Amino acid sequence: MMKKKSIPASKPFLILFLCQIISALDVPLDSKLLEELSQPPTITHQSPKDYIVDPRENIVIQCEAKGKPPPSFSWTRNGTHFDIDKDAQVTMKPNSGTLVVNIMNGGKAEAYEGVYQCTARNERGAAISNNIVIRPSRSPLWTKEKLEPHQVREGDSLVLHCRPPVGLPPPIIFWMDNAFQRLPQSERVSQGLNGDLYFSNVQPEDTREDYICYARFNHTQTIQQKQPISVKVFSMDSLNDTIAANLSDTDIYGAKPVTERQPVLLTPTGSTSTKVELRGNVLLLECIAAGLPTPVIRWIKEGGELPANRTFFENFKKTLKIIDVSEADSGNYKCIARNTLGSVHHVISVTVKAAPYWITAPRNLVLSPGEDGTLICRANGNPKPSISWLANGVPIAIAPEDPSRKVDGDTIIFSHVQERSSAVYQCNASNEYGYLLANAFVNVLAEPPRILTPANKLYQVIADSPALLDCAYFGSPKPEIEWFKGVKGSILRGNEYVFHDNGTLEIPVAQKDSTGTYTCVARNELGKIQNEVRLEIKDPTMIIKQPEYKVVQRYGQVSFECIIKHDSTLLPTVIWLKDNDELPDDERFLVGKDNLTIMNVTDKDDGTYTCIVNTTLDSVSASAVLTVVARPNPPFDLELTGQLERSIELSWIPGDENNSPITHFVIEYEDGLHEPGVWHYQTEVPGTQTTVQLKLSPYVNYSFRVVAVNKIGRSQPSEPSEQYLTKSASPDENPANVQGIGSEPDNLVITWESLKGFQSNGPGLQYKVSWRQKDVDDEWTSVIVANVSKYIVSGTPTFVPYEIKVQALNDLGYAPEPSEVIGHSGEDLPMVAPGNVQVHVINSTLAKVHWDPVPLKTVRGHLQGYKVYYWKVQSLSRRSRRHVEKNILTFRGNKTFGMLPGLEPYSSYKLNVRVVNGKGEGPASPDKLFKTPEGVPSSPSYLKITNPTLDSLTLEWGSPTHPNGVLTSYILKFQPINNTHELGPLVEIRIPANESSLILKNLNYSTRYKFYFNAQTSVGSGSQITEEAVTIMDEGKMAMASRQVDIATQGWFIGLMCAVALLILILLIVCFIRRNKGGKYPVKEKEDAHADPEIQPMKEDDGTFGEYSDAEDHKPLKKGSRTPSDRTVKKEDSDDSLVDYGEGVNGQFNEDGSFIGQYSGKKEKEPAEGNESSEAPSPVNAMNSFV
């Protein structure tokens, strides 16, 4: 064959379709292997069966094939050999069967119309293409025709015919005007499938002169235009002179006004028609009707339903479209056109035929010598197609015989094949609607084993997952595959392994010990080969802290955690998704190492958030839902219905609840007549209710609004409803809280709560006030007052009862009769004092007072109680008081006795009693004198310990500030304290009351003592005061201690002792300076106060009542000191300085230089076990701490 112009060709590729029957071989799709194996030709690409070409461009007829060795190509045209060498316009691409017909250099496409078929052949067989029908496209011009204008009466139907020229392929039709704008279409005006423009009824606006039909031919990219069509719509009311000149008198006067007409089908005509469509195509059925009003089209299938998901309505439901039709879609389809005057229908009988389609297409067969196989070719169609076989492009009946081959209808059976049995077989299935042609080869091969998996390939698998180790192989006959683990391992067997037919070894659950080297061995009768692969097991990636469901309020902040654990050799990547899509591009979303934070959350952030962790081997994910909650949106569309005089129904539509259910609605109202702009609570209803019946009051101009409430809070109020003014009526109720209380002895002040605006029920609100003296046969006195809340009756007797009533009225009448209340005229001060006042002294601090009640008539008001005034005259211990302070106790009601607490023992008191009413106090009873007995004394005013020696201490004290009687003696108790703060035996000494100092002798040297000191009267012992002191150390003992220390003398100990001595010296100097400044030490006085639980005080200044009150209520109660359970005693404070007790400012020092006054300071509570003094320690104490 003579080579012509070279046209580049794409590199062919090889794909084998395999037929696994009996012992047929699977050929892996390995490019290197396929390049080495012999293979019959296979058509890989060809032009379509019906090939319409552009006559202006070169014709390219595709035919590509593969095979080993590469196939050669030849063509037939209209059933005879096509010798392309003899046609200068035709070339064949190199290494290809594709033909190129050069039209652009003088060739004519019409000369190459015909049926073409390609054959690809090599030493193992021949494959053929389909019959390719070549036809050039055509786009002819419209034939010239004279178009008459259409003059149509309004309401009539009209069809504008397009009748495009016959083209190849058929053109696409559309209607436009001169401005190239598509004409609008509707249910009334639409284009049919044939391209005609249908008017169900014409209207005056349809009048125009540029109805133009266009035909677009896609293959040639040309558009042909029909001449414009003119349409004139007329009516009897709008006839002009031009139309009248073109019409006869009969036409003019025979014209009738526009009348409605029932539907008539414009297409299809008649009552029935038929339609044949091929399986797999699109079925289009059309019904267009005329009528006025414009008919509406409806489609049904008789005896069945229109197929779901494949049925569509187009062209304003005038076209029924069913895609991918099948034989089941055959049947009768009815279209019904209907308007207000009637209906018309048409039945289209649809038959679905089928060109041949494959049930089982023949597949390539690769066999080893001596094996068996079959080729199966099964097709269906309507009518049923016939099956014919060809071998290497020749009908099998006249093809060379092959003893291994047997044809049985749609099946070819092969037995004991040999290499010479290789061939390409064609199956042809055809009926009147088309044909199918398939090539399938039989390739007989004898090959030693080959392993196609790369050597030493590394597989990495996650633990507890399946491991698949490939061993892609090929050989003919089919090799046997065996697997070994390790270099000298035994063959793998057992349930822990799965051996696949393609050579793959599967370990269903790979563990850490599965790591290692695996060897695959392939063998057949022609040879043996092996290959090694490696397996590594990795730890799985896990999310150990998953994101959790979150509920967050709008504008809040939320975080999702995603903490992972992974194999150290794998690099994970973390991706966050929202609703399975990327996170929004928003700076509010902050992605951290192991969390996602969303700032300033909004409603659009609501959704599902997913954390995805990917490695090269696995992927895990976890999701959590974010719910954004907020206060509900306000309700809307408020509506008032069922308006009555005293009730109305309100309904509304709830707003968005924002993910938090609405718990209830609050209904509020505004009275635009009395309080415009002020909203009041009306009622509330559950969140599931959207209507409510509201009770109304007369003479109120109502507006309502609704507030929705959920757990987050209240919504904004809804927009107000329309206003509703109720009719006026007489008042339904009278004023509340009516009272009669006199402000002066000769008047009666009547007060009440005025009715609110909406309670007035009408204009002109007033009050009728009535009163009369109780228990006196008097007539009611009445007065009508304006809308006020008080009326004063003057000239009344002092404190007499009155019957009172207040009735509301307005311009429409009175309210119901009001109820009566009892009031009193004004009070005056009581006239007499209580008599027979008696005092009974109970103990030294408590007394009981009695009196006779005053007559009620003399009270001249509401009896509120009695006040007892009492005060201390003097102390019997002859200590004068600076000033007299009166105490007041008030006893409620008609009580005739009371307790007087907090008295001072051994004192003289006076008291008087007065009666109290609402106006004030009456006169006082004569003063009554009484005395309190002795009590226990307070603690001594001070206790000082001075002049410490080896075995003695000097004690000095001051008498109690409050002796509360005649002192009989002092009691001194003391006990030693050792270095571990343990207490020794307790010694008690009684001292005469006239003594003020004492020297204690025979004490132990260098010993700390704790002292307890109190005074006594004939009643008993008073509060204790405590103090501690230390006797000085014996010099001989000090020397001995020094020698004992010298035994371990070292430099650091000497330095430490020097530092301590220097520190003590500095402290002594500071103490001496502070003491010379004469500072005073406050001493707080405390007294015992025994409260009676039945006595309750009332302060005189605020008028509140109690069982008693004290004029000194602003002062704290004085309490006597008590000895606590841990045997500590707190010395009472003193208002005097040490100078007042004769101590002066001059301190004294003993022989060792210690400050004697150090133990005379103030002592707070200390445990009896001997806590250290709070004063600066003496040198003796310091030395004791080291011994």
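**View 1. Glu277 sits in strand 21, residues 272-278.** Strands here are DSSP runs of E, at least two residues long, numbered from the N terminus. The model is predicted: local features need pLDDT of at least 70 and side-chain atom pairs pLDDT 80 or more, while totals for chains, interfaces and linings use all residues. Numbering starts from 1 along each chain as its sequence is written, and side-chain values use heavy atoms, leaving out hydrogens and water. Glu277 is buried (under 20% relative accessible area, 1.4 Å probe, protein chains only). There's no salt bridge for Glu277 (a Lys or Arg side-chain nitrogen within 4 Å of an Asp or Glu carboxyl oxygen); the nearest side chain of opposite charge, Lys275, is 4.3 Å away. What Glu277 does have is a 3.2 Å polar contact with the side chain of Asn281 (N or O atoms within 3.5 Å, one able to donate a hydrogen and the other to accept it; sequence neighbours count only if both atoms are side-chain atoms).

**View 2. Thr267 and Pro268 are joined by a cis peptide bond.** Omega is about -5° here, and Pro268 belongs to the loop between strand 20 (261-267) and strand 21. Most peptide bonds are trans.

**View 3. Asn309 isn't a glycine, yet its phi is positive, about 70°.** Look for Asn309 in the loop between strand 24 and strand 25 (311-314). Asn309 is exposed (over 50%), with a relative accessible area of 74%.

Key. Helices (H or I, at least four residues) and strands (E, at least two) are DSSP runs, numbered from the N terminus. Lys and Arg count as positive and Asp and Glu as negative; His and the chain ends are not counted.
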